[in-house]
Amino acid sequence: VKIGELELGDKVLVAEDRYEDVYSFGHYNPSGIASFLRITTVGDQHVIEMTPNHLVLVNATRWIPAALLRVGDLVTRMKHQQQVEVSRIETVTRRGVFAPFTASGTIVVNGVVASNYLSLQDKHEFLHCGNIETPFSFQWLSHSFTAAHRLACRRFVDCSHETYDETGISAW
């Protein structure tokens, strides 16, 4: 299923080799036009497109913005947490901007492990306060700050009718 065809409640593969419900979208804008990085792995086996600030798992240990990826870096492939080498990165323009949220904060797209989240500071893996880099990754920060939303959707509120503004940002 294409990301743009996902709906709230659909089950998707996540990093832990299991399926989780899409409980929300951080961004849902079918008509939005944006620049994406098209990341291709060796042998053209896996292709994933994401915005430059979207986080991707490298070396099975670090969540970095896609803009920091370089040819030769290793992204994590779902099957047995294998690492696969990035062979090409190019910029493309696409219609439709989607960021499905899962309980784990991860999603597997075309076999590659990606985050539900993005860096809130251009080209930074960790939060910067002025010239100081904190130990807080944007993966950790984003997952922590969405905890209340996850809990509400799982236990207290029917989030299946969540709405989004004209730019695609959740009303939550």
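## Cores and a disulfide: worked exercises

In this predicted model, the largest nonpolar core has 21 residues, and Ile-39, Ile-48, Met-50, Val-56, Leu-69 and Val-75 are the ones touching the most other members.

**Exercise 1.** Work out which strands each supply at least two residues of this core, and which element gives the largest share.

*Solution.* Start with the strands that each put in at least two residues: E1 (11-14), E3 (24-41), E4 (47-50), E5 (54-58), E8 (83-101), E9 (106-109) and E10 (112-118). Now look for the top contributor: that's E3, with three residues.

**Exercise 2.** List what Val-56 touches, skipping residues up to four places away in sequence.

*Solution.* Go through the contacts in sequence order: Met-50, then Arg-62, Trp-63, Ile-64, Ala-66, Leu-69 and Val-75, and finally Val-112 and Val-113. Next, pick out partners that also sit on the list of core members with the most contacts: Met-50, Leu-69 and Val-75 are among them.

**Exercise 3.** Find the disulfide and give its handedness.

*Solution.* First, apply the cut-off: two cysteine sulfur atoms have to lie within 2.5 Å. The sulfurs of Cys-153 and Cys-159 are 2.1 Å apart, so this pair passes. The count by that rule is one disulfide. Then check the torsion: the S-S bond has -85° about it, making the link left-handed.

Conventions: Residues are numbered from 1 along each chain as its sequence is written. This is a predicted model: local features need pLDDT of at least 70, side-chain atom pairs count only at pLDDT 80 or more; totals for chains, interfaces and linings use all residues. Side-chain values use heavy atoms; hydrogens and water are left out. A nonpolar core is a set of buried Ala, Val, Leu, Ile, Met, Phe, Trp, Tyr and Cys residues joined through side-chain atoms within 4.5 Å. Buried means under 20% relative accessible area, exposed over 50%, partly exposed in between (1.4 Å probe, protein chains only). Helices (H or I, at least four residues) and strands (E, at least two) are DSSP runs, numbered from the N terminus. Contact means heavy atoms within 4.5 Å.
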